[in-house]
Amino acid sequence: MSLRLTTAGESHGPALTCVLEGLPAGLVLEREAIDRDLARRQLGHGRGGRMKIEHDRAELLGGVRHGRTLGGPVALQIRNRDYANWEERMNPWPVAPDVPEVHLPRPGHADLVGTQKYGLSDVRDILERASARETAARVAGGAVAKAFLRALGVEVFSHVLQITSVAAPRRDDLTPAAFADVDESPVRCLDADATRAMVAEIDRLRKANESLGGVFEVRAFGLVPGLGSHVSWEERLDGRIAQAILSIQALKAVAIGDGHEVAGLPGSEAHDEIFYDEARGGYYRETNRAGGLEGGMTTGEPLVVRGSMKPLPTLTKPLRSVDIATHEPAEALRERTDSCTVPAAGVVGEAMVAFVLADAYRRKFGGDHIDDVRAALAAYRERIGWRAPR
Ligand code: EPS
């Protein structure tokens, strides 16, 4: 039993669709929780004009009745309000007269190689699907995955660690309560001074026609030890998480825990020593450099995943490129765009991590009804003598 997440739709097409297949029946969903995550993904200092047009809401088209899953695929749809302005250019059916083609690929985007690979002459045929607008559909599916995880005692959060060269101070003490107000920060950063500096940096670089990248962190609490497996490469949970994070548009690097830092440390400073205390729920660690994963399996410590995002490739002062119709030098396509989407990418990161974790619970515990999953989890916890750390 595994979970599958499929999205369909183009940035300026009629709608985005998400199908999440493999959930048990009987799971309670809340419309507000799904729409709240969609709204959180639209936030963040540095977003462009498009976010004033869109008010993302998910319509449930299948798999749910009276607020409970039925066990079949769950289908969610988010209408693109901007489609009203693109109806000719993005109509699924032929329009007359023909719409002019776009021939100016942006360095850093899928534009050039996409047209080569798919044998297309119009860059729009690639960029519409490559656009990060698609992540709205992932977030809708991720919100459903989060509901499943919450039913099993797991919560997933994110925050921004860095925007260009402005970094927040390191925090090793984060609990779920620390994330209560993270969305109040315009850059979704937990540190007030760093928030101010990040906002100023976005304003400074935006005025200079630049875009900005950065680093977000996703943390998951309440995970039972033993999700994933060491036995074969494709079952290692760190690999599955890395794939999910790097699949987010503009993500170029991923780290689990102190993944980057431990490469420069001696072994005695790189691992998390093992202790045991009945009162603390059994085995525990004083540190979590491994980010909650050892041997491709969860350890029971919080999962810590960082994603690094490159600056967005659509620039208001375009880079040099080539016209793919004439092969003459030209400036890359200039489109309305965001200058910084690291805060939004953190919300997408939550969705992708939630999906991979929900899938890991499905693989390990199976079950056709949510109560079957809970019973299997309870039996396993009993067998290994594990209580969720407080
Ligand atoms: C994007 C370009 C911008 C972003 C878009 C991603 O859209 P537009 O071209 O309509 O101004 O706003 O992101 C979203 C619409 C979204 O919902 O995140 C791109 O080229 O990737």
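Hi everyone, let's start with the sheet: 4 strands make an open, antiparallel sheet in the order β1-β2-β6-β3. Strands here are DSSP runs of E with at least two residues, helices are runs of H or I with at least four, and both are numbered from the N terminus. Two strands pair if DSSP finds at least two bridges between them. At the edges we have β1 (4–8) and β3 (59–62), each with a single partner strand, so one side of each has no neighbour in the sheet. On average, neighbouring strands are turned by 20° against each other, direction ignored.

A quick word on the source: this is a predicted model, where local features need pLDDT of at least 70, side-chain atom pairs count only at pLDDT 80 or more, and totals for chains, interfaces and linings use all residues. Residues are numbered from 1 along each chain as its sequence is written, and side-chain values use heavy atoms, leaving out hydrogens and water.

Back to the strands. β2 (residues 15–21) and β6 (residues 74–79) pair in the antiparallel sense over 6 bridges, and Val19 has Ala75 in β6 as its bridge partner.

Now, please find Ser211, in the loop between α7 (192–207) and β9 (214–221). Is Ser211 buried or exposed? Ser211 is buried, because its relative accessible area is 9%; buried means under 20%, exposed over 50%, and partly exposed in between, with a 1.4 Å probe and protein chains only. Beyond its neighbours within four places in sequence, Ser211 is in contact (heavy atoms within 4.5 Å) with Pro311, Leu312, Leu315 and Ser339. Thanks, everyone!

Notes: Axes are lines fitted to C-alpha atoms, for helices over the stretch in contact, and angles run from 0 to 180 degrees between N-to-C directions.
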